[in-house]
Amino acid sequence: MVRQLWEELSPAERAVCHYLVSASPEQILFASAQELGSATGTSNATVVRTMQRLGFGGLPGLKRALAAEFSSSVAPDVRLKRRIGHVGQDLSAIWERVFDEARERIDHCRRLLDPEAYKKAVELLVNAPGVLVYGAGASDPAARHLALKLGRRGHRARATSATGFALADDLLSLAHDEVLVIFQPGRRLKEITVLIERAHAVGAGIVLISDELGGEFAERVDAVLAAPHTPTGITGEPLAGILVADALLLALDSLDEPRSVEHSHQLNALREQLLGPRFR
């Protein structure tokens with residue numbers, strides 16, 4: 001890829017490419033865009049732009065590619081030890097490291113927006129008689145966040161993180177014209193295929209919120225929304241998924257303001273009954 005684009009790259013972008021070729025995967029994996037900019041004598045904006053020119057979408061895209069090989073060849077405890085060793089014991093640097101990666105993931109997620117898929121997902125949710133939200137493992141918080149907030153807006157929603165035999169009961173409840181929302185960053189679980197097949201069988205809409213599975217399932221779901229996962233484990237897995245959920249929720253508020261406002265009023269009235277009139 002670098003050779004094919006070399007003549008089109010600026011001198012600063014070439015400097016970034018030289019560094020990427022010479023550095024070890026771990027050096028890149030645990031570095032921020034700002035650190036890579038300093039190491040290459042360029043800037044964080046140049047680093048991001050170079051990643052986009054190379055087809056990675058941004059620095060998190062390159063890190064994801066590196067992390068896939070790193071994770072498959074290095075045991076989890078060894079990865080953790082190396083991550084700790086790279087970060088060091090400077091508390092200020094640790095603080096900055098976490099926020100740097102979070103910022104990179106959020107910016108990457110923003111750039112990956114598919115407006116048509118976002119619009120389709122919102123249209124499905126606003127008209128659905130019910131919503132089943134699925135998120136296994138680390139995706140469970142994002143799934144429960146979306147289901148909880150949908151309920152507070154007057155939408156019938158439930159969340160599940162069940163796997164294997166236990167998932168059958170939740171699948172049984174999925175009905176015609178409901179919407180299935182799946183949070184699954186990258187691992188192709190058997191449950192995802194079964195969920196999609198069940199949704200097809202009953203005539204339910206499907207929204208997939210993922211990082212790596214979008215292309216694989218694009219033809220089998222109604223909308224795919226990108227939510228980049230963490231390439232290093234430094235920031236929480238559900239971060240991008242929760243932000244995508246919040247974008248869906250705010251869109252629903254704008255399209256059905258009376259329902260959202262009325263149920264917010266009812267929720268606060270119930271809270272006051274439970275906690276007293278001083279509740280805010």
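Predicted model: local features only at pLDDT ≥ 70, side-chain atom pairs only at ≥ 80, totals over all residues.
Q: Why is Glu13 called buried?
A: Its relative accessibility is 3%. The cut-off is under 20%, so Glu13 counts as buried.

Q: What makes Glu13 and Arg49 a salt bridge?
A: The N to O distance between their side chains is 3.1 Å. The limit is within 4 Å, for a nitrogen of Lys or Arg and a carboxyl oxygen of Asp or Glu. Therefore the pair qualifies.

Q: Which parts of the chain does this pair link?
A: Glu13 is in helix H2 (residues 11–22) and Arg49 is in helix H5 (residues 44–53). They are 36 residues apart, so the pair links distant parts of the chain.

Q: Why is Arg49 called partly exposed?
A: Arg49 has a relative accessible area of 36%.

Q: Which residues form a network with Glu13?
A: Salt bridges link Glu13, Arg49 and Arg53 in a network.

Q: How do you know that Arg110 and Asp107 form a salt bridge?
A: Their closest N and O atoms are 3.0 Å apart. The limit is within 4 Å, so the pair counts. Both residues lie in helix H8 (residues 91–111), three residues apart, about one turn of the helix.

Q: Is Arg110 buried or exposed, and why?
A: Arg110 is exposed, because 57% relative accessibility is over the 50% cut-off.

Q: What makes Arg158 and Glu178 a salt bridge?
A: The closest N and O atoms are 3.0 Å apart, and the limit is within 4 Å. Arg158 is in strand S2 (residues 157–160). Glu178 is in the loop between helix H11 (167–173) and strand S3 (179–183), 20 residues from Arg158.

Q: Why do Arg158 and Glu178 get their accessibility terms?
A: Glu178 has 10%, under the 20% cut-off, so Glu178 is buried. Arg158 has 25%, between the cut-offs, so Arg158 is partly exposed.

Q: Where does Arg110 sit relative to the second largest pocket?
A: Arg110 is among the lining residues nearest its centre, along with Cys109, Leu113, Val244 and Ala247. The pocket has a volume of about 290 Å³.

Q: Which element gives the most to this lining?
A: H14 does, with four residues.

Definitions and conventions:
Residues numbered from 1 in each chain as written. Heavy atoms only, no water. Helix = DSSP H or I, 4+ residues; strand = E, 2+ residues; numbered from the N terminus. Buried < 20%, exposed > 50% of the residue type's maximum accessible area, 1.4 Å probe, protein only. 1 Å grid on protein atoms, 1.4 Å probe; cavity = no way out; pocket = protein on both sides within 12 Å on 5 of 7 lines; lining within 4 Å. Points joined across faces, edges and corners; volume = space filled by probe spheres on them.
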